[in-house]
Amino acid sequence: EELSKKHNVDFALVKAMIKAESGFNPLAVSRKGARGLMQLMPETAQRMNVANIFNPRENIDGGVRYFRYLLSLFNNDLRLSLAAYNAGENIVSELRSIPPYRETVDYVRKVLNYYQSYKP
C-alpha cells in the first residue's frame, strides 16, 4: 500500500497485478525468466535499480515504478499500460493497441477482473 501511494498507482490495481503475475509468490520464476512478486524481467529490474529481484519490497517498488512509467507513456490508458507490462512497451507503442497475443489479451482481462474485485 505504501509503495502504491509513493508512485501514485491504485493499491487495488497493484494487488491485482501481483495476483495475476505471481499468485503472491515472492519466489516465482516464469518460463521466460520473469522473477518475483511482480514478475520483473532481469533487464527491467536493472533499469529500475532493483538490486535483489526476490526481495518483495524491492520487487514491488521496481514493478510499480515501471508501471507508473508505462501509464505516463500510454497517457494513463490502463489497458495499454497493462499490455505493455506483459508484452513489452515497444510492441504496444508500435501497434498502439493490445498485441494479438493470447497471453497478453488474457493477462489484461485477468488483471482488470481482479482489480474490480479488490476495489473497495
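**View 1. K6, D61 and R65 are linked in a network of salt bridges.** In this predicted model, the side chains of R65 and D61 meet with an N to O distance of 3.0 Å. Both R65 and D61 belong to helix α4, where four residues, or about one turn of the helix, separate them.

**View 2. A salt bridge between R57 and E2 links distant parts of the chain.** The closest N and O atoms of R57 and E2 are 2.5 Å apart. R57 is located in helix α4, which covers residues 56-73, while E2 is located in helix α1, which covers residues 2-6, and the two partners are 55 residues apart.

**View 3. Within helix α7, R109 and D106 form a salt bridge.** Their side chains meet at 3.0 Å, taken from N to O, and the two residues lie three apart, about one turn of the helix, in an element that spans residues 102-118. Both partners are partly exposed, R109 with a relative accessibility of 47% and D106 with one of 23%.

**View 4. The charged side chains are set here in the context of the whole protein chain.** The structure holds eight salt bridges, among them the R57 pair with E2 and the R109 pair with D106. The chain carries 17 positive and 12 negative side chains, and the centres of these two sets lie 4 Å apart. The accessible surface comes to about 6,700 Å², and carbon and sulfur atoms account for 50% of that area.

**View 5. The fold of the protein chain consists of seven helices and zero strands.** From the N terminus on, the elements run α-α-α-α-α-α-α. The radius of gyration is 13 Å, close to the 14 Å that the globule rule gives for 120 residues, so the chain is as compact as a globular protein of that length. Taken along the principal axes, the box filled by the C-alpha atoms is roughly 35 × 35 × 25 Å. Buried residues make up 43% of the 120 residues, and, among contacts between residues at least 6 apart in sequence, 36% join residues at least 24 apart.

Terms used
Residues are numbered from 1 along each chain as its sequence is written. This is a predicted model: local features need pLDDT of at least 70, side-chain atom pairs count only at pLDDT 80 or more; totals for chains, interfaces and linings use all residues. Side-chain values use heavy atoms; hydrogens and water are left out. The radius of gyration is taken over C-alpha atoms; the globule rule is 2.2 Å times the number of residues to the power 0.38. Buried means under 20% relative accessible area, exposed over 50%, partly exposed in between (1.4 Å probe, protein chains only). Contact means heavy atoms within 4.5 Å. Accessible areas come from the Shrake-Rupley method with a 1.4 Å probe; for residues, only the protein chains shown count as cover. Lys and Arg count as positive and Asp and Glu as negative; His and the chain ends are not counted. The place of a charge is taken as NZ of Lys, CZ of Arg, CG of Asp or CD of Glu. A salt bridge is a side-chain nitrogen of Lys or Arg within 4 Å of a carboxyl oxygen of Asp or Glu.
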